[in-house]
Amino acid sequence: MKEPRDFPKALAVLSILELILFSVVAAVGYNYFGQYSTAPSIGSLLEPWQRKSAFAFVLVPTVIIGALYANVAGKFIFKRVLGNSRHAHSHSVVGWGTWVAIVVGFWAVAFVLGK
């Protein structure tokens, strides 16, 4: 970003748009599949080839989006934790250890919530 101080605004806009997008998709899926649909709703498609095709198109972007979100949120927390210390800007054990702990923590929480 050209202006790092705009990061919280960009993060807020991303979160709001994400909430709207995912809510609309869930509402449309619930409307067409009914209350007994599976999670994720593409599992409710009738033909097996439709389910396999849909999962093939959804799996890779989901992992990429998860990695991007974890990276952005990790950088936000990393900056809050380390601030302007030397560990935030140099390759130190504390800096790398903090970064790895934050990213692993985000992925652990994501997998727990995803189950």
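Asp 6 is partly exposed, with a relative accessible area of 25%. This value, like every other here, comes from a predicted model. The side chain of Asp 6 meets that of Lys 9 in a salt bridge, with 3.1 Å from N to O. Lys 9 counts as exposed, because its relative accessible area is 55% and the cut-off for that class is over 50%.

How many salt bridges does the structure hold? There are two. The other one links Arg 5 to Glu 3. Here the closest N and O atoms are 2.7 Å apart. Arg 5 is exposed, at 66% relative accessibility. Glu 3 is partly exposed, at 35%. Side chains of opposite charge can pair when their charged atoms come close.

A nonpolar patch lies on the surface. Its members are Leu 14, Leu 21, Phe 22, Val 25, Leu 59, Val 60, Val 63, Ile 64, Ile 65, Leu 68 and Tyr 69. Together they have about 1,000 Å² of accessible area. Which helices supply at least two residues each? They are α1, which spans 7–33, and α2, which spans 48–82. Helix α2 gives the largest share of the patch, with seven residues. Val 25, one of the patch residues, lies in helix α1.

Next come the pockets. Rolling a probe the size of a water molecule over the atoms shows where empty space is left. The largest pocket has a volume of about 1,400 Å³. Its lining is made of 35 residues. Which of them lie nearest the centre? They are Phe 22, Thr 62, Ile 65, Gly 66 and Tyr 69. Helix α2 gives the most, with twelve residues. Sorted by class, the lining of the largest pocket has 26 nonpolar, seven polar and two charged residues.

The second largest pocket has a volume of about 590 Å³. Its lining is made of 18 residues. Nearest its centre lie Phe 7, Lys 75, Phe 76, Phe 78 and Lys 79. The elements that give two or more residues to this lining are α1, α2, α3 (86–89) and α4. Again α2 gives the most, this time with five residues. By class, the lining of the second largest pocket divides into nine nonpolar, five polar and four charged residues.

Finish with helix α4. Val 112 has its place there. Is Val 112 buried or exposed? It counts as exposed, because its relative accessibility is 62% and the cut-off is over 50%. Val 112 and Val 60 are 52 residues apart along the chain. Their C-alpha atoms are separated by 20 Å.

Look back over helix α2 before you leave the model. This helix supplies the largest share of the nonpolar patch. It also gives the most residues to the lining of the largest pocket, and the most to that of the second largest pocket.

Notes
Residues are numbered from 1 along each chain as its sequence is written. This is a predicted model: local features need pLDDT of at least 70, side-chain atom pairs count only at pLDDT 80 or more; totals for chains, interfaces and linings use all residues. Side-chain values use heavy atoms; hydrogens and water are left out. Patches are made of residues with over 30% relative accessible area and no salt bridge: like charges are joined within 9 Å, nonpolar side chains (Val, Leu, Ile, Met, Phe, Trp, Tyr) within 5 Å. Accessible areas come from the Shrake-Rupley method with a 1.4 Å probe; for residues, only the protein chains shown count as cover. A salt bridge is a side-chain nitrogen of Lys or Arg within 4 Å of a carboxyl oxygen of Asp or Glu. Helices (H or I, at least four residues) and strands (E, at least two) are DSSP runs, numbered from the N terminus. On a 1 Å grid over the protein atoms alone, a cavity is a set of points where a 1.4 Å probe fits but cannot get out, and a pocket is an open set with protein on both sides within 12 Å along at least five of seven lines; lining residues have an atom within 4 Å of a point. Grid points are joined across faces, edges and corners, and a volume is the space filled by probe spheres set on the points. Ala, Val, Leu, Ile, Met, Phe, Trp, Tyr, Cys and Pro count as nonpolar, Asp, Glu, Lys and Arg as charged, and the others, Gly among them, as polar. Buried means under 20% relative accessible area, exposed over 50%, partly exposed in between (1.4 Å probe, protein chains only).
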